[in-house]
Amino acid sequence: MRHLQALFALTAAAALTACGGGGGDSSPPPPPPPPAPVPAPNPAVGTNGTLQTSVAAANYGSDTRRLNAFNELDTVRLGAGAGLLAQSTALDTSALDHANYLSANGFNSADSAHDETSGLADFTGTDPFVRMVAAGYNYSYAAEVIGDIGSTSATSDCVGDLLDTVYHAASMLSRVTDVGFGFGTGAAAGMCTIDMASPSDGSAVQIPPSGAIVAYPYAGSTVAHGTFHVSNESPRVSTSLLPASTAGTPILVGFRNQDVVAGGVATITQLTLANSAGALLPGVIVADSVIQGSGVNADSELSDQPNTPGSGSRFAVLVPIAPLAAGTYTVTLHATISGGQALAVTTWSFTVAAL
């Protein structure tokens, strides 16, 4: 299973581009078979799920940018209930190799910013999946996100800005177990490349326990700003749903827990956001097409890839229609998963920082 996301924010008003789907080695590994249909809880998963709750400290030497990015992403994943990522030197190699290529050649030297053209400086592989395998990482599921943060961006935080999206954030909070980082140099010094994957041998997988969800922004967290530049993310959320160029911070809910892996279907009856005065804020919900519920809009970018059952994100995302002002906000979620336990979390609050 492969998925690509690339985000470019050369300036706050510049276009951002991303691509879904992806490439791979000449014979990409087939998706893992679905679990056998057994009553929940699924013994192959375990009642406590399979999240990584401890990993070795990252070793980036004096490279504080990569160390800080690693720690920031793992802090978010731990708070969101997605499980920690382990540092992979192979993925560090593939991510840094591509960051060096983009620094040398820019973002338009191939059909996609994820791709490389043979013969150009710092070429190491035609696409991310070829580069991951060449660096020594054989994957069952892999994703790449790229962010280029310019001087007029809302923050200088590449990881944080990538998380303030719909599709990129879903990849960063996905089932992956290992991660590698690369940063650009020179004029591309603000650019980060993040390669994430799970091993092909099935030795590690991130599955939240029965009744659990992945939620971001998570309870008690603070986000740097409340504006999502909708028109700067590509693929873009449907203009029929979000016609304006800006919206509020996306609220991500991941349902791919033990119950869903065992065959359960998630149905949302309420996913809303309220301000500190208790007033509900208008928003739209986009989701993996297997997630049901009134007002839920199926989104192909979050759903199963063609001919690859089970590859979907199993995320639903609430996007407020308007940017969020500084303050505290409360998310309310009412949902069921057939064959599973009641959700352990139904309401939580986060804060948008004052700029």
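Analyst: Happy to. One definition before we start: a residue is called buried when its relative accessible area is under 20%, and exposed when that value is over 50%. Also keep in mind that this is a predicted model.

User: Thanks! So how much of the protein chain is buried?

Analyst: Buried residues account for 52% of the 355 residues. The chain has six helices and 16 strands. Of the contacts between residues at least 6 apart in sequence, 72% join residues at least 24 apart.

User: Is F350 buried or exposed?

Analyst: F350 is buried, because its relative accessible area is 1%, under the 20% cut-off. You'll find F350 in strand β16.

User: What does F350 touch?

Analyst: Leaving out residues up to four places away in sequence, F350 touches a list that includes P217, Y218, S221, V223, I251 and L273. The C-alpha atoms of F350 and P217 are 6.5 Å apart, though 133 residues separate the two along the chain.

User: Where is P217, then?

Analyst: P217 is in the loop between β6 and β7. The peptide bond leading from Y216 to P217 is cis, with omega near -5 degrees. For background, most peptide bonds are trans.

User: And where does S221 sit?

Analyst: S221 is also placed in the loop between β6 and β7. S221 is buried, with a relative accessible area of 7%. Setting aside neighbours within four places in sequence, S221 contacts S349, F350 and T351.

User: Let's go to the sheet. What order do the strands with β16 come in?

Analyst: Four strands make an open sheet in the order β7-β16-β15-β11, with mixed pairing. β7 (222–223) and β11 (266–274) are the edge strands; each has a single partner strand, so one side of each has no neighbour in the sheet.

User: How do β15 and β16 pair?

Analyst: β15 (residues 327–337) and β16 (residues 347–352) pair in the antiparallel sense, over six bridges. T330 stands opposite S349 of β16. In general, strands of a sheet pair through backbone hydrogen bonds.

User: Switching topic: how much space is in the second largest pocket?

Analyst: The second largest pocket holds about 250 Å³. Its lining has 17 residues, with G160, Y216, T222, V223 and A224 lying nearest the centre. Helix α1 (64–80), helix α4 (158–163) and strand β7 each give at least two residues to that lining.

User: What classes of residue line that second largest pocket?

Analyst: Six of the lining residues are nonpolar, seven are polar and four are charged.

User: What do the buried residues of α2 pack against?

Analyst: They pack against α1, β2 (86–87), α3 (128–134), β3 (139–148), β4 (178–183) and β5 (191–199). Among those buried residues are A90, L91, D92 and H98. Just after α2 comes G106, with a positive phi of about 80 degrees.

User: What about phi of D122 and R314?

Analyst: D122 has a positive phi near 65 degrees and is not a glycine; R314, also not a glycine, has a positive phi of about 60 degrees. D122 lies in the loop between α2 and α3 and is partly exposed, at 44% relative accessible area. R314 sits in the loop between β13 (296–298) and β14 (315–320) and is buried, at 13%.

Conventions. Residues are numbered from 1 along each chain as its sequence is written. This is a predicted model: local features need pLDDT of at least 70, side-chain atom pairs count only at pLDDT 80 or more; totals for chains, interfaces and linings use all residues. Side-chain values use heavy atoms; hydrogens and water are left out. Two strands pair if DSSP finds at least two bridges between them. On a 1 Å grid over the protein atoms alone, a cavity is a set of points where a 1.4 Å probe fits but cannot get out, and a pocket is an open set with protein on both sides within 12 Å along at least five of seven lines; lining residues have an atom within 4 Å of a point. Grid points are joined across faces, edges and corners, and a volume is the space filled by probe spheres set on the points. Ala, Val, Leu, Ile, Met, Phe, Trp, Tyr, Cys and Pro count as nonpolar, Asp, Glu, Lys and Arg as charged, and the others, Gly among them, as polar. Buried means under 20% relative accessible area, exposed over 50%, partly exposed in between (1.4 Å probe, protein chains only). Contact means heavy atoms within 4.5 Å.
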